[in-house]
Amino acid sequence: MAKNIYDFDEGGREMAGLLGGKGAGLAEMTRMGLPVPPGFTVTTEACRSYLLTGAEPAGLRDELERHLSVLERAAGRRLGDPHAPLLLSVRSGARFSMPGMMETVLDIGLTDATVHGLAGTGGGKRFAYDSYRRLLQMYGSTVLGLHRGLFESALTRLKTARGLADDRALTADDLADLVEVYKAVIRSAAGEDFPQDPREQLHRSVQAVFHSWNSERARLYRRREHIPDDLGTAVNIQMMVFGNHGPRSGTGVAFTRDPATGRPGVYGDYLAGAQGEDVVSGVRDALPLAELEQLDPAAYRALRGYLALLETHYRDLCDVEFTVDDGTLWMLQTRIGKRTAEAAFRIAAQLADEGLITQDEALARVTGEQLGRLLFPRFADSTGRRPLAHGVPASPGAAIGAAVFDSAEAVRRAAAGEKVVLIRRETTPDDLPGMVAAQAVLTSRGGKTSHAAVVARGMGKVCVCGAEQLTVDPAGRRFTTPDGTVVAEGDVISVDGTAGTVHLGVLTLRTSPVAAYLESGDAGDLVGDDLVRAVDRLLHHADGLRRMEVRANADTPEDAARARRFGAQGIGLCRTEHMFLGERRRLVEAMILARSDTERRQALKALLPLQRADFTGILAAMDGLPVTIRLLDPPLHEFLPDRTALTARLAAAEARGETPEPHDRELLAAVESMHEVNPMLGLRGVRLALVAPGLIAMQVRALAEAVVDRRRAGGDPHAEIMVPLVASATELRLVKTEIKQVLAEVSTATGTDVDLSVGTMIELPRAALTAGRIAEEAEFFSYGTNDLTQTVWGMSRDDVEAEFFPAYLAQGVFDTSPFETLDRDGVGRMVRIATAEGRETRPGLVTGVCGEHGGDPASVRFFDRAGLDYVSCSPFRVPVARLEAARARLDDAHRHTGDTR
Ligand code: PEP
Ligand code: MG
């Protein structure tokens, strides 16, 4: 029979899959000798089995009894003992942290009988009844599914009746009355009595935690964080310790470094006389951790010691939850702490400096996604302007949006394309959809570790919390500042998550220091900034480690130059269609409308020098590095006016009794003759080369001449020609013949040998499946994963994301758009097949990717494993790809040594 339960001293950090993150952390701290209240963990496997079969796994109850006996011996108290009762906490804890998403029940074991025992054994009556009413409330809402509001309004009624404002002023008798009221609430709302058998309380709480894995908010959180749905949660059962045990008690959270900036020094919040989730939920305002030093110096010193021990042991930023119970410090949780992008880079560099981790490990601790976030702009003038309010800078960045005051409104407006800022007094897990939809989250209560802060940081969302000067009125859909300014729903505000300020209206944005450093091409003055220094170091380390090259998609000399500064090793895709816009559209129009060869030749002749100048500029910017020029790809009619607009113009002229412009008539005739129902699958790519005479000859000639010009000017151009949308080897052979002929002509005419390599994009399934034959012609492959995704899935890349994608995402058909992260099973398989078969024909065939996926972190790692030679992406993604290409190597090295971190 499977083992369903592990005592804390049987587990460890390496068992997070089975024991969940919390269980593994508790076990590890127990192993390290830290003061952890005794307890045990029911495995994620037991949860999975329960959710699958609807019944507890065989033997679970017996195991529970055995482990409970051990716990009782360690605690020196027994569950249900009317004189000295043991109380238990039951907490969820999945493999990956899901803050506040699942359930917890505290104070299990309290009954009408044991409450007296608890009062008698040192706690006093008030404490005992306070604990009992908390149990009733948590059990009622979590296990019995009653609305929390039922309990809250009963509490409010009692306070009103007693004329009290604060819970803390309630007397022991008040709380004893409240217990009776809560029991009556349960009886009438749930149709059953609160169980007076502590074991029943325990069993049903465990089941409720199992169920909470599938709560709506937990599912939503997992989807957002890409956490698999089938992991299940572990359940931790532990002796209760009490932060609400009088003035020498309290509860808090702490970080070994600042999770927002990464700066060294312990950091956290402490709430005196409070229990359980009060700190994390941000419901009450916490004190900075440093104040614990005054309140309880011994507990503070002990805590600092444990924090130092944990950081050295885990060799990373740790966060902990702790409780001081009547002067005794207890550790209730530890894990590797979530952090902002900025903190991730700083901490990785610091830990490497401190010799705790290697450079490779430092690199493994930061992600391309985080680097991408550091490139976001910030507000230029936020420090100079008087803000509406100051709060805690909980998650950095700059965001602008319309004020909204509830989650549903945030979702509604965001779905209509509006940018919004979600404003709440404090957030609860129910606000998650709104937080996902918003640009930023602003709260008037709670600290850096409140729900809003933790969740926003995890999502990379801008967050300012605890802006206490604001009076937030959710019902009136507005907030008011101390000077009487009212911000109503829909008013635009700017939120600065780095400074912790909120401003009315739209502030201007400025480049981030990391982007400025990358723009400058080397660290220069900016390395004075420790964040820039950390990025610089890790990127250089990455460059030394990665196997794949990183090129850029760039169509202009300016973009090419920027890409080069960002570290691009060439251009993997230069889309030439962008060179035919603006003024030049007229010339393309003339070419399309040409009635004779002469007219067409003239139009092309006019385009030639312009195109040559484009290429010369780009080759100069990328001197010495490969530049892949793609021949014209989109349907030609894209260069003509819109059909509907043209028809309307002609109709309007006729209605006015005027003779329409003959040119307009010609244009309309051309547009109509070229009209396609499905132009993405129509006359485009290589097909144009085969049916539009002279077009690609002009492009090839312009490129060859640009190469000659650059060589004559002392440059070192490395141009390559790429043919788009090839489906068969024959297409490529025909086009290649024409290309080689033009190259030969230019070589003869100029006396310079310009034998440029000719390759193809692989962006249609047929090309991938016949890659072996195509490689007979192609001198290189570049995967156009945008078109390949579109054609492999049969989903229009231009339309689909607005249509059924939300439903597909919601129903788990995919967890991210395949246009964003490569679909490894389908599109990825095509890439692997084509690479293998292409290289069989042509050993050493150079392969790259130039679709959007070339800058997506997860896809970059896939391409590394698939053995591609380079990825090519937009200039801003180049640093991201450099980092991820190196991390892919680390993943590989770690896989071989069995380290899965
Ligand atoms: C592609 O299809 O992936 C590609 C790079 O080409 P485009 O996006 O220009 O079609
Ligand atoms: Mg394409």
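Predicted model: local features only at pLDDT ≥ 70, side-chain atom pairs only at ≥ 80, totals over all residues.
Me: What is the strand order in the open sheet of five strands?
Reply: The order is S1-S2-S7-S5-S6, and the pairing is antiparallel.

Me: Which strands stand at the edges?
Reply: Strand S1 (5-7) and strand S6 (104-108) do. Each has a single partner strand, so one side of each has no neighbour in the sheet.

Me: How many bridges join S2 to S7?
Reply: Four bridges join S2 (residues 39-42) to S7 (residues 233-239), and the two strands run antiparallel. Within S2 and S7, Val42 stands opposite Val235.

Me: Which helix packs on the sheet?
Reply: Helix H3 (residues 60-75) does, touching S1, S2, S5 (88-94) and S7. The direction of H3 makes about 15° with that of S1.

Me: New topic. At what angle do H5 and H7 pack?
Reply: Helix H5 (residues 125-143) and helix H7 (residues 172-190) pack at about 20°, with their axes 8 Å apart. That angle makes H5 roughly parallel to H7, because angles under 35 degrees count as such.

Me: What residues make up the contact of H5 with H7?
Reply: They divide into ten nonpolar, two polar and six charged. Among them are Tyr129 and Leu136 in H5, and Leu175 and Tyr182 in H7.

Me: Now Val487. Buried or exposed?
Reply: Val487 has 0% relative accessibility, so it counts as buried. Its place is in strand S22 (residues 486-488).

Me: What does Val487 touch?
Reply: Leaving out residues up to four places away in sequence, Val487 touches Leu388, Ala403, Phe405, Arg477, Arg478, Phe479, Ile493 and Leu504.

Technical notes
Residues numbered from 1 in each chain as written. Chains lettered and ligands numbered in written order. Heavy atoms only, no water. Buried < 20%, exposed > 50% of the residue type's maximum accessible area, 1.4 Å probe, protein only. Contact = heavy atoms within 4.5 Å. Axes fitted to C-alpha atoms, helices over the stretch in contact; angles between N-to-C directions. Parallel < 35°, antiparallel > 145°, perpendicular 65-115°, else oblique. Nonpolar A, V, L, I, M, F, W, Y, C, P; charged D, E, K, R; others polar. Pairing = 2+ DSSP bridges.
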